[in-house]
Amino acid sequence: MYVILKPDAPSALLLDKHADYIAAYGSKKDDYEYTLSEYLRMSGIYWGLTVMDLMGQLHRMNLQEIIDFIKACQHDCGGFSASIGHDPHLLYTLSAVQILCLYDSLDAIDVDKVVDPFHTLFGVAGLSLLGEEQVKAVNPVLCMPEDVLQRIGLQPDLLS
């Protein structure tokens, strides 16, 4: 299978059009597509913001609305869910932390609660025990990658 490009198709990447689409995506909360993508909202926000940052358009996104959403998705256990009313999960916790790092706004959440032994132990450490080569060095106390703990400013003492 192949794609045939018409002769009048644009030959340049239209960054402004891409940025316009991403910037407007979350503005229509009643759209069918927006409603159906609720189960992956946090990661979708991360990927959209990353692309906007790469295009130099991050300033077009509503920082306060994004931070309010992230805070509303943090659970008592410290983990984050994909959207409000969903269960916390390691993947969405990672996306929430990445978003806040992108904006240099980790202080907007309870960072100490993010280190949730259940999600980290069975997520990151579990992958490490299975021999996943892409998993970085894991802290033995919190079962989280050392570089993540350093970036959020958490340096726990090792148990003796």
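**Group meeting: a residue-by-residue introduction to a predicted chain**

I begin with S83, which sits in the loop between strands β1 (80–81) and β2 (88–89); helices here are DSSP runs of H or I with at least four residues, strands are runs of E with at least two, and both are numbered from the N terminus. Please bear in mind that this is a predicted model, in which local features need pLDDT of at least 70, side-chain atom pairs count only at pLDDT 80 or more, and totals for chains, interfaces and linings use all residues. Residues are numbered from 1 along each chain as its sequence is written, and side-chain values use heavy atoms, with hydrogens and water left out.

To return to S83: is this residue buried or exposed? At 5% relative accessibility, S83 counts as buried, where buried means under 20% relative accessible area, exposed means over 50%, and partly exposed lies in between, with a 1.4 Å probe and protein chains only. Apart from neighbours within four places in sequence, S83 is in contact with E38, R41, F69 and C73; contact means heavy atoms within 4.5 Å.

The chain has eight helices and two strands, and from the N terminus on the elements run α-α-α-α-β-β-α-α-α-α. Of the 160 residues in the chain, 36% are buried. Among contacts between residues at least 6 apart in sequence, 55% join residues at least 24 apart.

Next, I turn to a pair of helices. Helix α3 (residues 41–54) packs with helix α4 (residues 63–73) at an angle of about 150°, and their axes are 11 Å apart. Axes are lines fitted to C-alpha atoms, for helices over the stretch in contact, and angles run from 0 to 180 degrees between N-to-C directions. The two helices are therefore roughly antiparallel to each other; angles over 145 degrees count as roughly antiparallel, under 35 as roughly parallel, 65 to 115 as roughly perpendicular, and the rest as oblique.

Which residues meet in this packing? From α3 they are R41, M42, I45 and L49, and from α4 they are I66, F69, I70 and C73. By class, this contact of α3 with α4 has seven nonpolar residues, no polar residues and one charged residue. Here Ala, Val, Leu, Ile, Met, Phe, Trp, Tyr, Cys and Pro count as nonpolar, Asp, Glu, Lys and Arg as charged, and the others, Gly among them, as polar.

I99 is placed in helix α5 (residues 90–102). I99 is buried, with a relative accessible area of 0%. Leaving aside neighbours within four places in sequence, I99 contacts M42, I45, Y46, L49, I66 and I70. The C-alpha atoms of I99 and T50 are 8.3 Å apart, although 49 residues separate the two along the chain.

Finally, how many salt bridges does a search of the whole structure find? The search finds two, a salt bridge being a side-chain nitrogen of Lys or Arg within 4 Å of a carboxyl oxygen of Asp or Glu. One joins the side chains of D20 and R60, at 2.9 Å from N to O. This pair links distant parts of the chain, with D20 in helix α1 (residues 15–25) and R60 in the loop between α3 and α4, 40 residues apart. D20 is partly exposed at 39% relative accessibility, and R60 is partly exposed at 35%.

E65 forms a salt bridge with K29, and their closest N and O atoms are 3.3 Å apart. E65 lies in helix α4 and K29 in the loop between α1 and α2 (32–36), so that this pair too links distant parts of the chain, 36 residues apart.
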